[in-house]
Amino acid sequence: MINMIPGTVTLATLQDVYRNLTPVRLDDSARAPVEAAARMVAEAAAGETAVYGINTGFGKLASTKIAPEDTATLQRNLILSHCCGVGEPLSEDKTRLMMTLKLLSMGRGASGVRWLVIEQIEQMLERGVVPVVPSQGSVGASGDLAPLAHMAAAMIGAGEATYEGVRMPSAEALKKAGMQPIQLGPKEGLGLINGTQFSTACALAGLFDAWRMAEASIVISALSTDAIMGSTAPLVADIHTLRGHAGQIDVAREMRAIMAGSEIRESHREGDSRVQDPYCIRCQPQVVGAALDVLRMAAKTLEIEANAVTDNPLVLVDEGRIVSGGNFHAEYVGFAADQIALAVAEIGAIAQRRVALMVDPTLSHDLPPFLTPNPGLNSGFMIAEVTTAALMSENKHLANPCVTDSTPTSANQEDHVSMAAHGALRLGRMNANLSVILGVEMLCAAQGVEARAPLQTSERLQDVLGLLRADIPPLGDDRYLAPDIEAASAMVREGRVAAVAGVEVAA
């Protein structure tokens, strides 16, 4: 159980929630400000003055006054009417991260919800009641309305949820977990569905996975460098300190360390007719280093957003006012997601060129064509390289910016939107594609390094070969390759490649 103080939670904590499904609770210090804001909302709901979202309709219907006795019905109707999501359900890890982010936002004491609402989410996380949240339907402004409405519906016993891995009506899931649906009070439905938590959760998941991909690419590129008997001269520290970018310096340092002691490298320091290697070998620090720094920029934005209050209206207890604003607009998240997408696409683009290099006998420095010991009769990694080209191209298309694609909604009341949900959701597909590109590169690089026997690569890269060969034997005669590609990609996705090589780059 993680105890969270709203406004102070780090990305490391949120990654724990995402990776390990760790349940969370808000620190008791959050309770007093939350309840103070809830009292202000209750007073406004009972009053005669129209206050948006508390005793009025929503969006273009904000001028419609709602009677005090109808405010609970108003909130329930809000949730049910906004459950318009479609598409595949969001994965459990991302849904739980989204719920955690909603706790953090409401825990700042500016949303006007009762502590009861917070406890409902905490209990659902602890007992494993996970709302079924369709992944499509948000434009990333006025909040992630549809996805968050499906989350809120499960809290009130509507819609669906999973419990112990089984999908069922949410009322049944709550009952099995020893819980009851809650009845929403004034503004509580609006507080639950206004906000950027769907987009932010997907963007954070994309960030965490992209960082893991970047670390793996450092290791695998070093293996590829030895496979084609590339030079380590471009990794000399002074080259990178003269430029000064942190990411570039980090990548070069890690590559130097994991390649140290390679017999393959030592064998061609003298008398090598090649003056310079292709960019995909020579410029790995410059490309993946730049990607690391872009991911670091996105991380700063998302850490702030994870701790932010992003619903509307906001209850300013110290000023005694309830004010409407636009914190639900997810432009910051949209920009961050687009940055992550660019980084993912570029890591894959340079990795794919290394795959192409290794299978091409005119460029691979005497490796057999397509890395098969008996070319002609066997095709080796010919079509595995084509697969990486397909996925690289797909990621390039997916990396086109989403945040610039606004469209007006809600009768032009919401006339500029962020499309952050699109930008963030696509990161899962892009990282999956990248894991395959890197997995295939690792298969090719291992095959190439082993072709250099009796020369051996460095100790740390031999550990990577040991990890790979424990599950996947070298490719002799052609065989059904899809399981090999999946197994290698899983090693990348799960962080095992960087871990066995001892690579961990500080975010």
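Predicted model: local features only at pLDDT ≥ 70, side-chain atom pairs only at ≥ 80, totals over all residues.
1. Main core. The largest nonpolar core comprises 146 residues, and Leu14, Leu204 and Val497 have the most contacts inside it. Helix 9, which spans residues 197-227, gives the most to this core, with 19 residues. A second, separate core holds eight residues, among them Met40, Val41, Ala45 and Val315.

2. Surroundings of Val497. Once neighbours within four places in sequence are set aside, Val497 is in contact with Ala216, Val219, Ile220, Met442, Val464, Leu467, Met491 and Val492.

3. Helix 9. This helix has 31 residues, and the distance from its first C-alpha to its last is 44 Å, close to the 45 Å expected at 1.5 Å a residue. Helix 9 is mostly covered, with 30 of its 31 residues buried. Met229 follows helix 9 and has a positive phi, near 55°.

4. Second largest pocket. The space in this pocket is about 450 Å³. Its lining consists of 21 residues, and those that lie nearest the centre are Gln15, Trp211, Glu215, Val505 and Ala507. By class, the lining divides into 13 nonpolar, three polar and five charged residues.

5. Helices around the pocket. At least two lining residues of the second largest pocket come from each of helix 1 (11-20), helix 9, helix 14 (284-306) and helix 20 (496-501). Helix 9 supplies the largest share of that lining, five residues.

6. Cis peptide bonds. Asn312 and Pro313 are joined by a cis peptide bond with omega of about -5°; Pro313 belongs to the loop between helix 14 and strand 8 (314-316). A cis peptide bond also joins Ala453 and Pro454, where omega is about 15°. Pro454 lies in the loop between helix 17 (420-450) and helix 18 (459-471).

7. Positive phi at His365. Although His365 is not a glycine, its phi is positive, about 60°. His365 is placed in the loop between helix 15 (331-359) and helix 16 (382-398). His365 counts as partly exposed because its relative accessibility is 23%.

8. Positive phi at Phe370. Phe370, a residue other than glycine, has a positive phi near 55°. Phe370 is found in the loop between helix 15 and helix 16. With a relative accessibility of 27%, Phe370 therefore counts as partly exposed.

Methods: Residues numbered from 1 in each chain as written. Heavy atoms only, no water. Core = buried A, V, L, I, M, F, W, Y, C linked by side-chain atoms within 4.5 Å. Buried < 20%, exposed > 50% of the residue type's maximum accessible area, 1.4 Å probe, protein only. Helix = DSSP H or I, 4+ residues; strand = E, 2+ residues; numbered from the N terminus. Contact = heavy atoms within 4.5 Å. Expected span 1.5 Å × (residues − 1). 1 Å grid on protein atoms, 1.4 Å probe; cavity = no way out; pocket = protein on both sides within 12 Å on 5 of 7 lines; lining within 4 Å. Points joined across faces, edges and corners; volume = space filled by probe spheres on them. Nonpolar A, V, L, I, M, F, W, Y, C, P; charged D, E, K, R; others polar.
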